[in-house]
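I opened my notebook to record what I looked up in this structure.

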Amino acid sequence: MSGAALLVLADGRFPAGGHAHSGGAEAAVKAGRITGAASLEDFCRGRLHTSGRVAAALAAAAALGVDPSLLDEAADARTPSPALRAVARRLGRQLMRAARATWPADELDAVAGQFPKGAHQPVVLGLAARSAGLGAADAAYCAAYESVSGPATATVRLLSLDPFEATAVLARLAPEVDRVVDLAAEAAGRVAEEGVDALPAGSAPVLEISAEAHAGWPVRLFAS
Amino acid sequence: MHVDHSPSHDGPAVGADARRADGSRRALRIGLGGPVGSGKTATVAALCRALRQELSLAVVTNDIYTREDADFLLREAVLPPERITAVETGACPHTAIRDDISANLEAVEDLEDEVGPLDLVLVESGGDNLTATFSKGLVDAQIFVIDVAGGDDIPRKGGPGVTTADLLVVNKTDLAPYVGSDLGRMAADAKAQRAELPVVFQSLRSEAGVTDVAAWVRARLAEWTA
């Protein structure tokens, strides 16, 4: 593996469309569930251990070479909200474009052809990591970290939250991100033998429900 | 003006590729940027009216937090609704048109797939600051729209939009006498900032309207298809 390649893929400026999404933070701010650094931390912790852990395991499995269509179906089954499924595919398509330009690989071309409107973003993330010469844990790190860094960045814009406080939230969550990555990579390692049922299926109902409502808002800063 | 090389892969083209995945030549893409309220959407609407009889065209809007611009174009019925797509920008149009163009590229490609073949796609940025420019991976040429009411010192201040855009449009010239803007000074300052790059002074309320800008677009299209 290359530590520097991991930094390239995990960089918040990697041009794969994430900047237009809040990871549910916009809906949570509007509902009064995120009002400052402490509640942002609670929100991020919840997301990390549910959809973040699922995303990390999917990414790790894709990085290990598990069939992307099986993983894409597994991702669908673990994403009840149609709005979030659409977002995951849109972001997967955007990430695929960036990955193919950054780390060209026949495998990426093949999956892009198979999913012209996009596979689930964590699956593409794992494939991108693979093309970059990274391992399963690296892919899981990107997914797990993204699950908290997206809402934190968005909340800085939504609440004019002090950016130092938002970054401190991410630093405080770092040990938990490590733990989620370990669990995700371990589960991904069992997929070859046990099938995709070995992947975690944690879900956050409020995230799913509020994403459906958010998708219908006429005025919003973020796409999701 | 554009990078012309054949894509070496199947599926969606990457950024500036001049050809689509099936090998056909893609539409010319022209970006329109500029400060809030300078008349970008009105210029896009006027261009659609001027060109829609002779060209197959589509529009992508990048609003800051609503679908206002897309809705304006739909209300004005300048194009059928399926030819207008709104991209959401997470409060940062300049990010979506310059730093992370993936959503815009997808919107452009989807329009070509769904209503193509297209000759021209206009990509409009939400109102932003004087440094907001389009990535060369997204558009082949860009128009920067300012207006006389925003202050006649904008051309002198310069900035990447005023200085480097392929065409600078100074809009709402009919308002100049009412807001105390000196068009001669604006023209001289723009010349100093832009050397040989063209500048159009326009009032969409005048009879000439968008004629000069439409002629410039036609010339870019002639180059693109040559």
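**Before starting**

I noted that this is a predicted model.

**Entry 1: a strand in chain B**

I began with strand S5 of chain B, residues 141-147. Is it enclosed or open? I checked its residues, and seven of the seven are buried, so the strand is largely enclosed by the rest of the structure.

Next I asked which way the residues of S5(B) point. B:Ala141, B:Ile143, B:Val145 and B:Asp147 point one way. B:Gln142, B:Phe144 and B:Ile146 point the other way. Residues on both sides are buried.

Then I looked for the partners of S5(B). Strand S1 of chain B, residues 28-33, pairs with S5(B) in the parallel sense, over four bridges. Here I found B:Leu32 opposite B:Ile143. Strand S6 of chain B, residues 167-171, also pairs with S5(B) in the parallel sense, this time over five bridges.

**Entry 2: where chain B meets chain A**

I moved on to the interface. How many residues does each chain bring to the contact? Chain B brings 26 residues and chain A brings 22 residues.

The size of an interface is often given as the accessible area lost when the parts come together. For chain B and chain A I noted about 1900 Å² buried between them. Of this area, 47% is on carbon and sulfur atoms.

The rule finds seven salt bridges across the interface of chain B and chain A. One of the salt bridges joins the side chains of B:Glu88 and A:Arg220, at 2.5 Å from N to O.

Which elements of chain B give two or more residues to the side that touches chain A? I found helix H3 (93-99) and helix H4 (102-115). H4(B) gives the most, with seven residues. I sorted the residues of this side of chain B into ten nonpolar, eight polar and eight charged.

**Entry 3: one proline in chain A**

Last, I looked up A:Pro122. A:Pro122 sits in helix H7 of chain A, residues 121-131. Buried or exposed? Its relative accessibility is 11%, and the cut-off for buried is under 20%, so A:Pro122 counts as buried.

I listed its contacts too. Leaving out residues up to four places away in sequence, A:Pro122 touches A:Ala55, A:Leu58 and A:Ala59. I also checked A:Leu95, which is 27 residues from A:Pro122 in sequence. In space the two are 9.5 Å apart, C-alpha to C-alpha.

Terms used. Residues numbered from 1 in each chain as written. Chains lettered and ligands numbered in written order. Predicted model: local features only at pLDDT ≥ 70, side-chain atom pairs only at ≥ 80, totals over all residues. Heavy atoms only, no water. Buried < 20%, exposed > 50% of the residue type's maximum accessible area, 1.4 Å probe, protein only. Pairing = 2+ DSSP bridges. Contact = heavy atoms within 4.5 Å. Buried area = accessible area lost by both parts, 1.4 Å probe. Salt bridge = Lys/Arg side-chain N within 4 Å of Asp/Glu carboxyl O. Nonpolar A, V, L, I, M, F, W, Y, C, P; charged D, E, K, R; others polar.
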